[in-house]
Amino acid sequence: MLLICVLVFIALATYMTGKTRDSITSIRQIYVSEINEQIQQKFQTIVELRLDQVDSIIRSGPLEEAEYSEVALEELAEMAESRSFTWLGLYGEDGELVTVYGEEMVFEGDDDVQTLLDSYGCVIKRGINSSGEMVFLFGRAAEYEMGDGEKSVALLAGVPMEDMNDALYLYTDDADAYSHIIDMDGDFVIRNADASDYENYFERIEAEFETLDGKTSETYEAELRAAMENKEDYGTTISVDGEERYIYCTPISIKPTWYLVTVMPEGVIKETVLSLDQLRIISIAASLAIILACMIFVFVRYYRLTQHYVRDLEVARKEAIHANQAKSEFLSSMSHDIRTPMNAIMGMTEIALKNQHDPMRVEDCLQKIRLSGRHLLGLINDVLDMSKIESGKMALRMAHISLRELMDDIVNIVQTQIRAKNQEFDIYIQTILSEELICDGTRLGQVLTNLLSNAVKFTPEGGRIDVYVSQEASPAGENYVRTHFVVEDTGIGMSKEFQETIYDTFSRENSDGVGKTEGTGLGMSITKAIVDQFGGTIELVQYF
């Protein structure tokens with residue numbers, strides 16, 4: 001299985017690598033053809049816009065109904081200048097070219113103005129002014145008086161060729177591709193800066209194109225000329241200075257004798273595709289490694305499971321025994337939390353029996369017995385609900401309570417134990433903003449009872465236990481109050497290690513001074529869960 005996986009992945013990687021070059025060529029052709037189409041659309045839009053501007057000059061021109069004069073020519077010049085033309089001229093029936101605005105102009109190329117008008121209804125030509133600047137010319141048929149009885153056949157307007165370059169955005173320093181516009185003879189109509197050393201594109205082919213895949217520069221030139229003669233698209237991969245480039249040539253629909261040539265360097269698409277190819281190979285190798293690792297892991301895991309099956313059963317048996325022991329220890333140590341209210345009930349019962357002749361005393365004892373009974377029931381419920389507390393499903397029952405009555409009830413519960421150990425006990429009330437509260441009084445009483453019960457239990461006889469109660473404004477808003485309860489004792493303390501686990505379930509201090517003290521170890525874990533449910537905090541501070 002491992003060998004088959006390796007062979008399949010190697011064959012797949014080899015096959016995909018072989019297809020990468022074909023993909024690069026296809027992607028480049030699609031990409032460049034889209035660029036050409038967009039440039040052609042933009043070129044056509046610009047040409048149509050400029051021809052419309054020439055039409056607007058003709059429609060507003062004064063020479064059709066006025067005599068040929070300097071004033072009329074100046075009006076034409078002003079209209080041309082307002083439309084961002086740098087040259088305006090009239091083309092006569094005899095082929096005479098009269099400049100109305102701008103420098104003197106000479107036509108470039110063999111296209112005859114009258115022929116262009118008859119064939120396409122407009123004139124699109126190149127020219128060169130007296131300063132040697134290339135100018136792009138646009139013209140429409142127009143009959144104007146030119147003096148001496150001569151009439152014009154066309155009105156021509158021009159813009160610098162550089163403006164057309166900028167408008168078409170044919171090249172920038174950081175472009176992925178660049179383009180030229182050439183005519184049938186290969187002469188540049190609009191030339192990219194990359195070809196600034198040549199006046200003719202065929203000359204550049206002969207000078208720079210290197211042999212690639214058996215094709216020489218002469219072959220490239222012949223193929224391009226044939227495609228231009230047949231008005232066909234032409235695309236191929238060439239080599240210049242050792243770098244592969246893709247060229248794509250398409251005829252311009254609005255000017256069929258001109259052709260748009262777009263060049264895309266090798267790195268633009270090739271680097272992207274090759275990086276994807278490398279990523280694919282890495283992914284294949286990684287997948288193979290993962291599969292091999294998984295198969296080895298499964299085999300090793302299966303082997304270990306079969307070898308250690310008996311040992312795992314033994315571990316499970318020991319864990320079951322340990323669980324039963326923990327359960328037994330928990331049941332046997334329940335008296336830690338139950339004894340406190342039971343002692344109170346028994347003590348008050350004895351006092352009531354001895355004072356049956358004193359109704360006030362008996363009533364007081366019965367009240368305390370009732371409170372202790374309620375607390376005992378609460379402890380039993382807490383033990384039964386321990387699973388809910390640990391799973392976070394414990395719900396608080398909010399109700400109206402009196403802080404004073406709550407503290408009185410707590411004192412009555414623990415007072416018997418405190419007197420039995422001859423301990424000193426005081427409660428200090430400080431800054432109470434509101435005695436009437438809405439909270440879960442049972443849970444709050446359980447927290448305070450747990451803390452005081454532990455304080456009594458772990459404080460030697462004759463020791464001291466103090467409770468401090470204070471309130472302050474709550475950041476939750478004016479309808480809330482923050483209440484602080486501090487239980488302080490002169491007990492035996494605890495180790496730093498136990499302080500870190502004091503809130504864990506069944507957590508007990510194992511030192512000599514504590515080992516004989518009864519309890520389940522649930523008190524502080526329950527206390528922490530209740531405080532967290534209230535959204536409060538509980539802190540342990542030990543002084544030495």
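The structure is a predicted model, in which local features need pLDDT of at least 70 and side-chain atom pairs count only at pLDDT 80 or more, while totals for chains, interfaces and linings use all residues. Residues are numbered from 1 along each chain as its sequence is written, and side-chain values use heavy atoms, with hydrogens and water left out.

The protein chain holds 15 helices and 16 strands; helices (H or I, at least four residues) and strands (E, at least two) are DSSP runs, numbered from the N terminus. Of the 544 residues in the protein chain, 40% are buried. Here buried stands for under 20% relative accessible area, exposed for over 50%, and partly exposed for values in between, with a 1.4 Å probe and protein chains only. Among contacts between residues at least 6 apart in sequence, 59% join residues at least 24 apart, a contact being heavy atoms within 4.5 Å.

Helix α12 (residues 403–420) packs with α13 at an angle of about 25°, and their axes are 10 Å apart. Axes are lines fitted to C-alpha atoms, for helices over the stretch in contact, and angles run from 0 to 180 degrees between N-to-C directions. The angle therefore makes α12 roughly parallel to α13; angles under 35 degrees count as roughly parallel, over 145 as roughly antiparallel, 65 to 115 as roughly perpendicular and the rest as oblique. The crossing of α12 past α13 is right-handed. A crossing is right-handed if the near helix is turned clockwise from the far one by less than a right angle, and left-handed if anticlockwise. On the α12 side the contact is made by Leu406, Met407, Ile410, Ile413, Val414, Gln417 and Ile418, and on the α13 side by Gly441, Leu444, Gly445, Leu448, Thr449, Leu452 and Val456. By class, this contact of α12 with α13 has ten nonpolar, four polar and no charged residues. In this scheme Ala, Val, Leu, Ile, Met, Phe, Trp, Tyr, Cys and Pro are nonpolar, Asp, Glu, Lys and Arg are charged, and the others, Gly among them, are polar.

Val456 belongs to helix α13 (residues 441–457). With a relative accessible area of 2%, Val456 is buried. Not counting residues up to four places away in sequence, Val456 touches Gln417, Ile418, Lys421, Gln423 and Ile465. The C-alpha atom of Val456 is separated by 8.2 Å from that of Asp489, 33 residues apart along the chain.

A second pair consists of helix α5 (residues 201–208) and helix α6 (residues 217–229), which pack at an angle of about 155° with axes 8 Å apart. This angle makes α5 roughly antiparallel to α6. The crossing of α5 past α6 is right-handed. Tyr201, Phe202, Ile205 and Glu206 of α5 make the contact with Ser217, Tyr220, Glu221, Leu224, Arg225 and Met228 of α6. The residues of the contact of α5 with α6 comprise six nonpolar, one polar and three charged.

The loop between α6 and β9 (234–240) contains Lys231. Lys231 is not a glycine but has a positive phi of about 55°, and at 42% relative accessibility Lys231 counts as partly exposed. Ser84, likewise not a glycine, has a positive phi of about 70°; Ser84 is placed in the loop between α2 (70–82) and β1 (87–92). Most residues other than glycine have a negative phi.

Thr250 is located in strand β10 (residues 243–252) and counts as buried at 5% relative accessibility. The Thr250 side chain makes polar contacts with the side chain of Asn36 (3.1 Å) and with the side chain of Gln40 (3.1 Å). A polar contact is a pair of N or O atoms within 3.5 Å; within protein, one must be able to donate a hydrogen and the other to accept it, and residues adjacent in sequence count only if both atoms are side-chain atoms. Leaving aside neighbours within four places in sequence, Thr250 is in contact with Asn36, Gln40, Asp233, Tyr259 and Leu260.

Met342, in helix α9 (residues 335–354), is partly exposed, with a relative accessible area of 32%. The C-alpha atoms of Met342 and Leu376, 34 residues apart along the chain, are separated by 7.3 Å. Glu539 lies in the segment after α15 (523–534) and counts as exposed at 68% relative accessibility.
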